[in-house]
Amino acid sequence: MGRLRIFLCGLNSVKATALLQICLGLLVVSWLIFPTHVQQAWCGDSISSSSWFMDMNRFSRSAHGSLKCERCHEEMIGQGKVHPNRKDSTAMKKVSVRFYDYKRCAACHPESYKRYLVGEHAKALIKQKQDQRLGNKEAPPESLAPTCGDCHSSHYTQAKLSRIAIGEQMTETCGKCHPSQKMSYLKNLHGQLGVFLKKKASAYCTDCHGAHTCESLKDKEKALTACRRCHRNAPAGFAGIVIHTGSEDISKKDPKKQANMALIGTVKRIGQIVTVIILAFFALQTFVWILRELHNKLRGR
Ligand code: HEC
Ligand code: HEC
Ligand code: HEC
Ligand code: HEC
Ligand code: HEC
Ligand code: HEC
């Protein structure tokens, strides 16, 4: 410690700035080149980020805290099966949410499981699995159909959260895969009342669509049934009111918007490259400066 202090005090202002510059440069460059999923984990991507590390404190406070691990991981208690196959080098790279067999949840949650099976997401999942078997490319993460694990954290889920807390959480969770609907919902009166003003009488995504069935509601009859849960005397025309204005993945259908998005992406990338070049330039300059200082010292000036 003492040595460090002497070293730091011994630095003149040029050297101190150089040291600072190098540290800052390293920090920024390492952040830029870090894989995005590591960044997300650090920034607290809460619900579906699965991990090999378990926070036992959080687990014991969760809805499942009193369950033995084997209730959900019985494949690990067969002979010598405590750990995954050591020869399988891909084991720890797999996304566990995709590989867990969620049929096991049905043992204790038959209703949720049954509703999920007849819902839109299960249909989409079956179709995606068929596509995969036919050898088509796997869909990107945000267009994969969700299983239980995409909406619930099996290790840390809390029991009996308030209606408002569930509503807020689900706006985020559903919104990750349906961003344009999330945006239009938050602009809609229901979203403003429910999410911003925390009025629990308002409608959250799942009040209209159902948490596990997730009905499309394009069908006016079904939509009317959903509205009448709260608007008891709604006339037949009521379901014609548009909830998600200008939604339906604008960027996919509108070529002009798509072009704009591409432009924004390019500008962002150019910005990143320029930052790296500037930092590299200063790092080089500092290095040459140090060389000159050294050179001068050696020549005894
Ligand atoms: C309610 C059911 C449930 C309980 C109880 C449970 N787990 Fe899990 N666990 C899951 C599910 C579902 C996944 C896959 C999705 C994920 O990672 O969130 C998982 C994933 C894991 C993983 C990631 C690797 C893998 O196998 O896919 C580890 C490690 C793990 N659990 C350990 C434990 C331990 C240790 C306990 C007991 C303290 C425990 N679990 C209790 C449901 C459970
Ligand atoms: C051995 C039985 C058992 C299994 C297997 C099980 N759970 Fe549970 N689960 C429970 C119990 C008990 C509770 C707590 C209920 C309570 O306190 O109201 C619970 C609560 C929950 C809750 C919170 C419910 C609430 O009150 O809001 C969710 C979400 C949930 N489980 C999802 C899952 C998922 C997903 C799986 C499969 C990976 C799973 N469970 C497997 C027994 C189980
Ligand atoms: C698309 C997101 C989504 C998926 C997929 C999903 N759930 Fe849920 N689940 C929810 C929401 C939202 C709630 C909160 C209750 C509500 O809003 O009605 C919920 C509530 C629950 C509850 C609490 C009891 C209840 O019905 O209120 C359990 C248990 C549960 N889910 C289990 C499961 C299981 C098991 C699966 C997989 C078969 C699953 N969920 C798949 C979104 C989802
Ligand atoms: C992991 C991503 C993911 C999550 C999380 C998710 N969805 Fe979906 N959802 C999909 C996919 C994929 C489809 C299949 C249809 C498609 O291509 O849009 C779908 C379909 C739907 C549909 C039917 C749309 C249609 O075109 O038929 C509704 C409604 C829906 N989701 C609502 C919800 C709600 C409400 C939640 C939250 C409780 C939610 N979703 C969470 C990916 C997701
Ligand atoms: C007040 C009721 C209501 C709420 C709240 C609501 N929606 Fe919708 N949603 C509808 C209706 C009605 C439709 C069908 C007509 C339309 O597209 O506007 C729909 C359509 C959709 C579709 C497209 C279905 C298709 O077939 O193309 C998705 C996906 C969706 N909603 C997701 C969400 C998500 C995610 C949330 C929460 C952030 C949400 N919805 C909140 C009523 C609602
Ligand atoms: C979970 C309950 C719930 C559901 C389901 C629901 N709403 Fe609402 N809605 C409300 C609340 C609460 C308000 C706030 C104004 C009020 O008290 O009437 C509101 C307000 C409205 C308003 C503003 C009109 C006014 O009275 O000021 C419209 C329009 C509306 N809802 C349309 C719909 C449509 C269309 C559906 C079905 C697709 C629907 N709502 C489903 C709870 C709900």
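Q: Which residue just after helix 7 takes a positive phi?
A: This is a predicted model, in which local features need pLDDT of at least 70, side-chain atom pairs count only at pLDDT 80 or more, and totals for chains, interfaces and linings use all residues. Residues are numbered from 1 along each chain as its sequence is written, and chains are lettered from A and ligands numbered from 1 in the order in which they are written. Helices are DSSP runs of H or I with at least four residues, numbered from the N terminus. Just after helix 7, a positive phi of about 90° is taken by Gly-135.

Q: What length does helix 7 reach from its first C-alpha to its last?
A: Helix 7 covers residues 120–133, 14 residues. The expected span is 1.5 Å times one less than the number of residues. Close to the expected 20 Å, helix 7 reaches 20 Å.

Q: Which residues of helix 11 make the contact with helix 10?
A: Residues are in contact if their C-beta atoms, placed from the backbone, lie within 7 Å. Helix 10 contributes Tyr-185, Leu-186 and Lys-187. From helix 11 come His-190, Gly-191 and Val-195.

Q: Which elements give two or more residues to the shell around ligand 3?
A: A residue is near a molecule if its C-beta atom, placed from the backbone, lies within 6 Å of it. Of the 18 residues around ligand 3, those nearest include Cys-105 and Cys-148. The elements are helix 6 (110–118), helix 8 (148–151) and helix 9 (163–177).

Q: Which residues come nearest to ligand 2?
A: There are 17 residues around ligand 2. The nearest are Ala-63, Cys-105, Cys-108, Cys-148 and Ala-159.

Q: Which helices each supply at least two residues of the shell around ligand 5?
A: Of the 20 residues around ligand 5, Cys-174, Gln-181, Cys-205, Cys-208 and Ser-216 come nearest. The helices are helix 9, helix 10 and helix 12 (205–209).

Definitions and conventions:
Two residues are in contact if their C-beta atoms, placed from the backbone, lie within 7 Å.
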